[in-house]
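Morning, everyone. I'll talk about salt bridges today. Please look at the screen.

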Amino acid sequence: MTPVEETFSREWASLASIGRHQGSGGYRRYAWTSVDLELRAWFADQAGQRGLACEQDRNGNQWAWWGDRGPGAIVTGSHLDSVPDGGAYDGPLGVLSGFLAIDELRQRGIQPARPVAVACFADEEGARFGVACVGSRLLTGALDPDTARGLRDSEGFTLAEAMRRAGTDPAAIGEDTDVLGRIGAFVELHVEQGRGLEAPVGIATGIWPHGRWRLRLTGEANHAGTTRLADRRDPMLPYAAAVLAARQAAQRAGALATFGKVTVVPGGTNAIASVVDGWLDARAADEATLSAMVEEIAAAARSSAAVHGVDVELTAESRTPAVSLDAALADRVAAAAGGLPALPTGAGHDAGILAARVPTAMLFVRNPTGVSHSPAESAEAADCVAGIHALSTVLAELACR
Ligand code: GLV
Ligand code: MN
Ligand code: MN
């Protein structure tokens with residue numbers, strides 16, 4: 001094994017147990033929990049082992065600096081949080097690869113002319129508070145700080161309370177032009193999350209527009225054994241109509257629509273529900289298709305709700321516009337890495353948020369099965385090492401000129 005391969009395997013193992021759920025084997029790494037604090041300590045330790053200055057910005061993002069803190073820094077990194085029962089690679093691969101790319105540059109005796117940093121963005125998945133990429137959205141001003149502070153988790157804790165309990169001041173969150181001003185370019189390395197990449201490493205062209213909507217259906221709780229069908233106001237029926245419409249509308253539009261989370265109140269087997277909340281994740285190649293698809297799903301829910309005496313409320317919880325990553329930077333990155341296949345993605349990333357403010361590129365590492373957001377997510381060690389090598393080559397190209 002090369003020194004980088006050895007370090008990859010050792011440090012990957014050092015992260016493996018943090019937030020791993022014994023039952024599912026997947027990760028439950030949610031923002032501002034004790035697991036998140038362990039992950040933050042892991043990041044600080046990686047920085048410390050390399051003599052990199054580590055800090056947390058006002059929005060809870062972590063930074064490890066090789067050299068001055070900007071301006072013009074070449075930044076790489078990703079996130080360490082996960083979806084419920086997520087895989088090991090989505091996020092962490094990009095963070096560890098950043099540290100190992102720095103190791104590789106040092107082993108090659110490269111002294112960059114610009115500062116280099118590894119970043120770890122807070123709460124990328126939005127698994128706890130519902131909005132994705134909270135750290136990078138706050139940093140870039142794409143998320144209003146008051147709205148963020150008021151987001152609630154399933155137990156009723158606000159993001160502000162959760163941050164405070166974790167020792168971070170929620171009063172300080174919001175757009176941070178000082179931190180943004182330090183970044184000359186951002187390159188996020190990420191495991192590819194579909195079956196889009198046949199080579200070990202690729203480069204992203206852009207990210208589909210996507211968003212999350214909460215569909216609240218309010219009916220009337222009643223007895224499952226005594227309430228005549230004609231007397232029911234059952235919100236589960238329009239929910240079922242919405243789920244079917246999502247599949248049909250996505251199929252017609254060549255897009256994607258998913259209800260992956262639902263809560264039912266009161267949740268008794270022998271009770272008609274009073275409220276069903278379903279969360280729709282929708283993604284399409286362009287904004288018009290996305291909006292039309294969501295409207296079609298909402299219309300199906302409304303028309304079924306009208307038949308069943310149910311009230312409907314559709315709330316957009318987050319929406320990310322289409323992202324075209326910086327083409328000139330992508331060309332430079334691909335050339336530095338010796339030519340890379342280019343592909344778009346339907347997955348959201350902090351890179352997609354940062355792209356609005358700084359030149360941004362993304363490297364993908366091959367996913368042999370196409371599975372992600374699942375404990376079965378995987379990547380070959382050789383491909384991960386190829387990704388680290390590509391990243392270090394790219395950092396050398398960007399930071400040495
Ligand atoms: C992030 O992983 C997303 O695309 O939801
Ligand atoms: Mn993800
Ligand atoms: Mn990710």
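How many salt bridges does a search of the whole structure find? The count is 20. Keep in mind that this is a predicted model.

Start with E175 and R357. Their closest N and O atoms are 3.0 Å apart, and the two form a salt bridge. E175 sits in the loop between α6 (159-165) and α7 (177-180), and R357 in the loop between α11 (350-354) and β15 (360-365), so the bridge ties together parts 182 residues apart in sequence. Buried or exposed? E175 is partly exposed, at 41% relative accessibility. R357 is partly exposed too, at 39%.

Next, a helix-to-helix pair. E397 and R332 meet through their side chains in a salt bridge, 2.9 Å from N to O. E397 belongs to helix α12 (residues 381-399) and R332 to helix α10 (residues 327-336). That links distant parts of the chain, 65 residues apart. E397 is buried, with 16% relative accessible area. R332 is partly exposed, at 34%.

D383 counts as buried, at 6% relative accessibility. R366 counts as partly exposed, at 24%.

Last, a network. Which residues does it link by salt bridges? They are R214, R216, D277 and E313.

That's my tour. Over to you.

Note on methods:
Residues numbered from 1 in each chain as written. Chains lettered and ligands numbered in written order. Predicted model: local features only at pLDDT ≥ 70, side-chain atom pairs only at ≥ 80, totals over all residues. Heavy atoms only, no water. Salt bridge = Lys/Arg side-chain N within 4 Å of Asp/Glu carboxyl O. Helix = DSSP H or I, 4+ residues; strand = E, 2+ residues; numbered from the N terminus. Buried < 20%, exposed > 50% of the residue type's maximum accessible area, 1.4 Å probe, protein only.
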